[in-house]
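Please keep the 3D view open as you read.

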Amino acid sequence: QVQLVESGGGLVQAGGSLRLSCAASVRAISDYVTGWFRQAPGKEREFVASISRSGGRTSYADSVKGRFTISSDNAKNTVYLQMNSLRPEDTAVYYCAARTRANTWMTIKTLSYYDYWGLGTQVTVSS
């Protein structure tokens, strides 16, 4: 059973930074394509970022490009989301997701393609 546990959320002022972590209870995170999604109150869950199994390819939502960076640490089986220049509209619960059965270069933006999900971590950005 794959478990994903997010951490690192919190309250931060606009313009500040946070780093989210997603620890995966798997043999090797490189067996999975992983992604971050977020859900604000009253809104649908939306794509934020994804990283390929190889770690060599990433993709981002337009709203976070240039501000957020996704990365992975194979030795720790952990995926990170570095969030800089945070805005109040970034306030949401952030979820980590993973999928096996993907090519090593593939990133995935579609929520329904992911097999495993964490429980989320709250990020609140004050103005």
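The points below go through a sheet, a core and one arginine in this predicted model.

1. Four strands form an open sheet in the order 1-3-8-7, and their pairing is antiparallel. Its edges are strand 1 (4-7) and strand 7 (68-73), each of which pairs on one side only. From one strand to the next, the twist averages 15°.

2. Next, look at how strand 8 (residues 78-83) sits beside strand 3 (residues 18-24). These two run antiparallel and are joined over six bridges. To find your place, pick out leucine 20, whose bridge partner in strand 8 is leucine 81.

3. Strand 8 also pairs with strand 7, again in the antiparallel sense and over six bridges. Here serine 71 has tyrosine 80 of strand 8 as its bridge partner. The hairpin of strand 7 and strand 8 has four residues between the strands, and in this hairpin asparagine 77 takes a positive phi near 50°.

4. Now to the interior. In soluble globular proteins, nonpolar side chains tend to be buried together. In this model the largest nonpolar core has 36 residues, and Trp36, Val48, Phe68, Ile70, Leu81, Met83 and Tyr94 are those with the most contacts inside it. Several strands each supply at least two residues of this core, including strand 4 (33-39), strand 5 (46-51) and strand 11 (121-126). Strand 9 gives the most, with five residues.

5. Beyond four places in sequence, leucine 81 touches Leu18, Arg19, Leu20, Trp36, Val48, Ala49, Phe68, Thr69, Ile70 and Tyr94.

6. Finally, visit arginine 99, which lies in strand 9. Is arginine 99 buried or exposed? Its relative accessibility is 17%, and because buried means under 20%, arginine 99 counts as buried. Setting aside neighbours within four places in sequence, arginine 99 is in contact with Asp31, Tyr32, Val33, Ile108, Tyr113, Tyr114 and Asp115. With Tyr113 there is a polar approach: the backbone oxygen of tyrosine 113 lies 2.8 Å from a polar atom of the arginine 99 side chain. As for isoleucine 70, its C-alpha atom is separated from that of arginine 99 by 16 Å, and the two residues are 29 apart along the chain.

Definitions and conventions:
Residues numbered from 1 in each chain as written. Predicted model: local features only at pLDDT ≥ 70, side-chain atom pairs only at ≥ 80, totals over all residues. Heavy atoms only, no water. Pairing = 2+ DSSP bridges. Axes fitted to C-alpha atoms, helices over the stretch in contact; angles between N-to-C directions. Core = buried A, V, L, I, M, F, W, Y, C linked by side-chain atoms within 4.5 Å. Buried < 20%, exposed > 50% of the residue type's maximum accessible area, 1.4 Å probe, protein only. Contact = heavy atoms within 4.5 Å. Polar contact = N/O pair within 3.5 Å; in protein donor to acceptor, adjacent residues only side chain to side chain.
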